[in-house]
Amino acid sequence: MTGIVYRNGMFFDGTGRSPVVADVAVKNGRISAIGQRLDVDADTQEIECQGQWVMPGMLDIHTHLDLEVELAPELPEVVRHGTTTVIMSNCSIGVTYGHQRRDGEDPIVDCFARVENMPKTVLKRVADTCTWSNSRDYLQHLESLPLGPNVVPMIPHSMLRIEVMGLYGSVSRSPTRKELARMESLLKMGMEEGYAGFSTDALPFHFLANAPNKRKRIPTQYAGFRELKRLTDIVRRYDRLWQATPPKDDFVAAIRSFLLTSGRLYGRPLRTTVLAALDIQTNRTARHLCMLLSRILNSRALKGKFRFQALTGVFRIWSDGAINPLADEIPEFRELNEMEFEDREGRGRILNDPAWVKSFRQMWLKGKVGFSIARLLRALRLEDVVLTRDLADMRVAGCPLPEWVGETLQQPYRRLVMFQASSGREGAISPAEKDFFATFPDPIGDDAAFLIHLFRQWDTDLRWETTIANRDKKVLRDLLFHEQTLPGFNDSGAHLANIGFYDGNLRVLKIAQSEGLERVAQAIHRLTALPAEFLGLNTGRLKVGVQADICVVDPVALEKWDPEATYRFVEREQFGCKQVINRPDNVVRNVMIGGRVAWDGAEYADEFGRTAYGRVMKGHNHPSEQTFA
């Protein structure tokens, strides 16, 4: 393989040490030399990097790319953002055991459609490709793909339960002794095969998507503590990772389960990462509780190995009518979300049901009117739901009235009130808006009635966005650099129409850039070597002899980039549907994976998507990983 040398770049090795100007030489897929003015062979390709940052390829530690990798194994959006290693099969769901279609059940569609807000048409296409039936064959399948980045699969708990108990059994009863032993055997087999970890989920708004299971949560949530302990004991034995989410509304249950990380209580620490450290708009104490819990678990008294994942940017989501990633948190929205996306008539029946309308109004207006404890909690930002229920937070991204696009829903609501108060003489800003205002109940009464009418009239033709967390830049910065967090929870590859976080790592670099190169070095460490070490992966550092996964970033372009101005809703040919993405121009100038340049800042290499650049990465202590250590 012809050698490559990156010349004169500001070199960051991933350890957090101060950068130096240096050359980095690569040959036969590995770093062959690091130094100044390196002598290289005459046929070595030289890449000039003066003024640019040369760093290890970054990690995305929370993704659902195990679906996208089946349709587009090169994962182009990941690579163009400078990420070279992705951790898959999070939140207890994945494709480790194939499509698992038995007795009319379709687990991939059932588990992913609502939890990760993915179109059933895409999920069915993925399930059709999943012809393997065990964890060993899945690894072999991944190794046969023309991968872009390195991929790190885990054993997902929901799919493990389905494999042993069937989908219906996994959400309707406890496992027998024989079934629990079988789960342990399959998980142990996965650890032997090199899977880097095991994922579970306890968020109370993760529901199945197909009848007759639409009011059932995903299988992992029906596991008792005894089952969880026995399975994590196996993960602990192999020194692999447990990825989890908390039972949001049950603090005692969260404490009990997360104590499983304790080396004091269970003999040795269990590597544990948990979603998520967020500055939630409706509850300002959530992040403080997360940090306090993490400190206690990692204390000398408990000897845990525990980190919360911190979302790396503003938590902005898009909604289509009443359908959004948080809809299942609230029963009234959940009832609408149980309908198929195309079933406008079904949602219309619900929206016109007087009992549902009464319940929705009570939910929407709780803490917003009158004098009550709920109103005090809302004023203090101590609510127990994530959705803000404020029209001023809901910005229109698309609807039948173009003049509304870019406005918050509070603005047309106020115009409607003015329109009705003036008997139609004032308020409307266009003839079309005047005609639309004439369809509303008069008087409108409150914003709950306004929103219900919009859902009735427009359904999913109303597309709106809102920011539910991380609005305060200083608080976000503190979370990302807190000793108890790992930057992550990007959910890349999921929520195709609702979230676009492939750019999360670059956001961290931009935040650090304003504080100087020492802070940048710290940020790079937190995006590369630190998560790699914590998760038990052989990657994240640049030193002689390691696999050459390299990212080159232009700091000038990074400084100019406005992350909130580059969102796009584009057609992804591989999926056959639209997806939210966020592509910064000219920031990532070069990406090398496995010693080969995959992205040169403008286009992908000719062989990208045809041959493998990355590899299937296993737990650091698996025998196959020793040559990469």
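In what follows, Ala, Val, Leu, Ile, Met, Phe, Trp, Tyr, Cys and Pro count as nonpolar, Asp, Glu, Lys and Arg as charged, and the others, Gly among them, as polar. The structure is a predicted model, in which local features need pLDDT of at least 70 and side-chain atom pairs count only at pLDDT 80 or more, while totals for chains, interfaces and linings use all residues. Residues are numbered from 1 along each chain as its sequence is written, and side-chain values use heavy atoms, with hydrogens and water left out.

**First stop: the second largest pocket**

Select Met118, Pro119, Lys120, Ile323 and Phe341, which lie nearest the centre of the second largest pocket among its 24 lining residues. On a 1 Å grid over the protein atoms alone, a pocket is an open set of points where a 1.4 Å probe fits, with protein on both sides within 12 Å along at least five of seven lines; lining residues have an atom within 4 Å of a point.

Helices (H or I, at least four residues) and strands (E, at least two) are DSSP runs, numbered from the N terminus.

**Second stop: Ala209**

Select Ala209, in the loop between β10 and α9 (225-237). Ala209 is buried, with a relative accessible area of 4%; buried means under 20%, with a 1.4 Å probe and protein chains only. Residues touched by Ala209 (heavy atoms within 4.5 Å) include Val109, Asp110, Lys120 and Glu340.

Select the open sheet, whose 6 parallel strands have the order β9-β10-β11-β12-β13-β17. Two strands pair if DSSP finds at least two bridges between them. The edge strands, pairing on one side only, are β9 (155-156) and β17 (485-488). Now show α12, which packs on the sheet and touches β12, β13 (305-311) and β17.

**Last stop: the largest pocket**

Select Leu203, Pro246, Lys248, Ala276 and Ile280, which lie nearest the centre of the largest pocket among its 40 lining residues. α10 (251-258), β12 (271-277) and α12 (286-297) are the elements giving two or more residues to this lining. The largest share, 5 residues, comes from α12. The volume of the largest pocket is about 910 Å³, and its lining has 27 nonpolar, 5 polar and 8 charged residues.

Notes: Grid points are joined across faces, edges and corners, and a volume is the space filled by probe spheres set on the points. Axes are lines fitted to C-alpha atoms, for helices over the stretch in contact, and angles run from 0 to 180 degrees between N-to-C directions. Buried means under 20% relative accessible area, exposed over 50%, partly exposed in between (1.4 Å probe, protein chains only). Lists of a residue's contacts leave out its neighbours within four places in sequence.
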